[in-house]
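Try each task before reading its solution.

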Amino acid sequence: MSNTSTQQQDRVVIAVDPHKASWTAAAVGAGLTPLATLRVPVSQQGYRQLRRFANRWPNAVWAIEGAIGLGAPLATRLSADGIDVVDVPAKLASRVRTLSTGHGRKSDSDDAVSVGIAALTAAGLRSVAVDETITALRALVEHRDDIVRTRTQTVNRLHALLTKLLPGGVSGSLDAETAARALRRVRPRTPGPRTLRRLAVDLVGEVRHLDRRIAAATTEISAAVAASGSSLTELRGIGDLTAGKILARVGNVHRFRSAAAFASYTGTAPIEVSSGDTVRHRLSRAGDRQLNCCLHIMAISQIRHEGPGRTYYRRKRTAGKSHKEAMRCLKRRLSDLVFRELCRDAARVDGADPGGHQGATRESSATGSTPTAGSSDKSLPGPAAATLPPPRPRST
């Protein structure tokens, strides 16, 4: 038997199903059967137990379901110790579990085994590359989003109180200063309205505090985007906040093998639903909806101002497409534009050719590809120059 065949048979994956309070690991062999399982708490002691468990198979590959989500703390620890980690998408592990026999049984151990089978059978899953800068930027963006949601809830409560204190309440958008001016006109004499006014004053103070926190987070995000050297903000419709969200959620752009794969990830690639001689496509509800929202904001800005984007949008409307259909076409083109700009930025950092870079992440012999793109996910037909500038010459 050759050495290659022996290595294939000896191949083992340490697959982990992560949760907030526990990690469940399964050692899965080349026969796609579990060799052993282990459940440990999320703690330093639990991490040491996992490492001792994995030491039984010195050449094993680590695979974690959702390594940039719930599995991120474990992936970061392993990467800091010099151990490569393969990211297995949750949907892929779920498909393995659905197609396996077992009469619908489901447990953390079964989930971990499904992760291991997915890692052994899929082709080209990416290794996790922990970028501290991207991690910090994503934390900032999510922190600001949380504060904005809290502010919205607080303003809604303030609206409700003002409706009880003032006839008709306050119309239109409401901020701290508008509410403060309205409350100055309210001088209740009975206990009930006095209590409502006091609560409203407290909420005004909370809104002001949240406004300061939002402004501080916005400043930090702007500084982080500037420090990254990204040129995304040079594109119409992308400001510091949108650029920060794109950079944070995309991470390493080299993990996408093409603009079509990137469009599939952002949910801007149409899905083919043809039947017989009828060829048609429908809107994709998949992909990262936050990135899709960023491209939607960019598209709205493009059609409001004269330029290639607005010209392309008008041409689609003239061709008989509805507003929503033309917007989807424009977002698909803008996805290509953003992808190309991200590749150029990465090439400036890496000193590599943006058109020929094969990716900076290491590939595991036990892994497969994400995201994929079918024929309907590819670039739309027709000249791209209507929205996208021509590609810059490749370096030689």
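**Exercise 1. Describe how helices H4 and H5 pack.**

Step 1. Helix H4 (residues 90-99) meets helix H5 (residues 108-121) at an angle of about 105°, and their axes are 8 Å apart. Helices are DSSP runs of H or I with at least four residues, strands are E runs of at least two, and both are numbered from the N terminus. Axes are lines fitted to C-alpha atoms, for helices over the stretch in contact, with angles from 0 to 180 degrees between N-to-C directions.

Step 2. H4 and H5 are therefore roughly perpendicular to each other (65 to 115 degrees; under 35 is roughly parallel, over 145 roughly antiparallel, the rest oblique).

Step 3. On the H4 side, Leu92, Ala93, Val96 and Arg97 make the contact, and on the H5 side Asp111, Ser114, Val115, Ile117 and Ala118 do (contact means heavy atoms within 4.5 Å).

Step 4. Sorted by type, the residues of this contact are six nonpolar, one polar and two charged (Ala, Val, Leu, Ile, Met, Phe, Trp, Tyr, Cys and Pro are nonpolar; Asp, Glu, Lys and Arg are charged; the others, Gly among them, are polar).

A note before you go on: this is a predicted model, where local features need pLDDT of at least 70, side-chain atom pairs need 80 or more, and totals for chains, interfaces and linings use all residues. Residues are numbered from 1 along each chain as its sequence is written, and side-chain values use heavy atoms, leaving out hydrogens and water.

**Exercise 2. Characterise the aromatic pairs.**

Step 1. The structure holds four aromatic pairs (ring centres of Phe, Tyr or Trp, the last by its six-membered ring, within 6.5 Å; planes under 30 degrees apart are stacked, over 60 edge-to-face, the rest tilted).

Step 2. Phenylalanine 53 and tryptophan 57 pair edge-to-face, at 5.4 Å centre to centre with 65° between the planes. Both phenylalanine 53 and tryptophan 57 are buried (under 20% relative accessible area, with exposed over 50% and partly exposed in between; 1.4 Å probe, protein chains only).

Step 3. Phenylalanine 262 and phenylalanine 339 form a tilted pair, 5.4 Å centre to centre and 35° between the planes. This pair links distant parts of the chain, 77 residues apart: phenylalanine 262 is in helix H10 and phenylalanine 339 in helix H13.

**Exercise 3. Why does phenylalanine 262 count as buried?**

Step 1. Its relative accessibility is 2%, so phenylalanine 262 counts as buried.

Step 2. Ring pairs join Phe262 with Phe256, Tyr265 and Phe339 in a cluster.
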